[in-house]
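Here is a quick walk through one protein chain and some of the ligands that sit with it. Have a look at the sequence and the model first, and then read on.

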Amino acid sequence: MASIINIPLVMGLLSVAPHAVCGHPLASLATSCNRSALVEAADAYIAAQTVGNISLLDQVVARDWQYKENNKNRDARGGVLSKSLGTDHRRTNFDVVACATYSEVIVSDPANPYVIGTQIRHDPTDGLKLEYVLQENWDPIPEGKRDSRDVIKAAGDAHLDMWSNAAAADAVPWGMPCARPEESAYTGKGRPDDSCKTGIPSNHSQAPNTWRRYVIDESMGLVSIFCVWNHMIMAADSHESRLEGGQLRYIHTMPGCGGQRCSL
Ligand SMILES: *[C@@H]1O[C@H](CO)[C@@H](O)[C@H](O)[C@H]1NC(C)=O
Ligand SMILES: *[C@@H]1O[C@H](CO)[C@@H](O)[C@H](O)[C@H]1NC(C)=O
Ligand SMILES: *[C@@H]1O[C@H](CO)[C@@H](O)[C@H](O)[C@H]1NC(C)=O
């Protein structure tokens, strides 16, 4: 199987972009997804990013791997992946159905802050943000209490549909408390009535968010969606949602606007 790594990232208050690394021939096409290989590629990616040495990734992915940043193909050697960034926080979700991973990486170095989201597909902010992210509970959800793949995906899609569908907001299973870090803003105050409904779109006649690519991890209640945020100057966007008991608890959004500040 080939693999793709797709990374949107936010740098300080400026939104930069996603990159994608690709190409990892795992066993044969007919076999099911090899979880060990997903772990190996995700770990190699983190190791490569930490020291800024792409060779560490070359060892586990195919020679022809593809790389995308902000939804655009580019040479990994000139991208964020070639910078040495101390990774203060790292969390990886595994989707053995899509044979893909989503990793969130936070670099809190004040001189060089980043939040990076990376999808690796095997197949055919800053210090303040770190504090908040680490406050969240991202423990695995006990077996028997997990939502289905379809339920998790539908919640993520409903959230992304709010710009183009007036009924979508009602289809989002808004949970409480719910927190949504976005660039330097954070909707959660650590209170039981924190809501992610704050600031949701009121204009439902905008262009739909397209080119959605999913990584769904039922054991974590998570869906990572990479997409094009069409009306936001075609930003490369990463939306990650966590459901607990069918209710939305966290949303992490990383729009990349090609080095410009994301605004309408
Ligand atoms: C699964 O991947 C691991 C790590 O790449 C590899 O060592 C192992 O042989 C693979 N297993 C199968 C059944 O392909
Ligand atoms: C990058 O990693 C490779 C493989 O481990 C190693 O041979 C090479 O010396 C490293 N390059 C740098 C600049 O550290
Ligand atoms: C809603 O968005 C559409 C598409 O960008 C735009 O044409 C329209 O003027 C907007 N409506 C309002 C009330 O802002």
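The chain comes to five helices and 15 strands; both are DSSP runs numbered from the N terminus, with helices being H or I over at least four residues and strands being E over at least two. What you see is a predicted model, where local features need pLDDT of at least 70 and side-chain atom pairs count only at pLDDT 80 or more, while totals for chains, interfaces and linings use all residues. Residues are numbered from 1 along each chain as its sequence is written, chains are lettered from A and ligands numbered from 1 in the order in which they are written, and side-chain values use heavy atoms, with hydrogens and water left out.

How much of the chain is tucked away? Of its 264 residues, 56% count as buried, meaning under 20% relative accessible area, with exposed being over 50% and partly exposed in between (1.4 Å probe, protein chains only). The accessible surface is about 11100 Å², and carbon and sulfur atoms own 53% of that. Such areas come from the Shrake-Rupley method with a 1.4 Å probe; for residues, only the protein chains shown count as cover.

**Two ligands**

Around ligand 2 you'll find Asn53, Ser55, Leu56 and Gln59, each with a heavy atom within 4 Å of the ligand. By class, that shell has one nonpolar, three polar and no charged residues. For the classes, Ala, Val, Leu, Ile, Met, Phe, Trp, Tyr, Cys and Pro are nonpolar, Asp, Glu, Lys and Arg are charged, and the others, Gly among them, are polar. Ligand 3 has Asn203, Ser205 and Gln206 around it.

Where does Gln59 sit? Gln59 is in the loop between α2 (55–58) and β4. Gln59 counts as exposed because its relative accessibility is 64%. Ala41 is 18 residues away from Gln59 in sequence, and their C-alpha atoms are 9.2 Å apart.

β4 (residues 66–69) pairs with β5 (residues 72–73) in the antiparallel sense over two bridges; pairing takes at least two bridges found by DSSP. Lys68 stands opposite Asn73 in β5. Two residues lie between β4 and β5, and Asn70 in the turn has a positive phi of about 50°.
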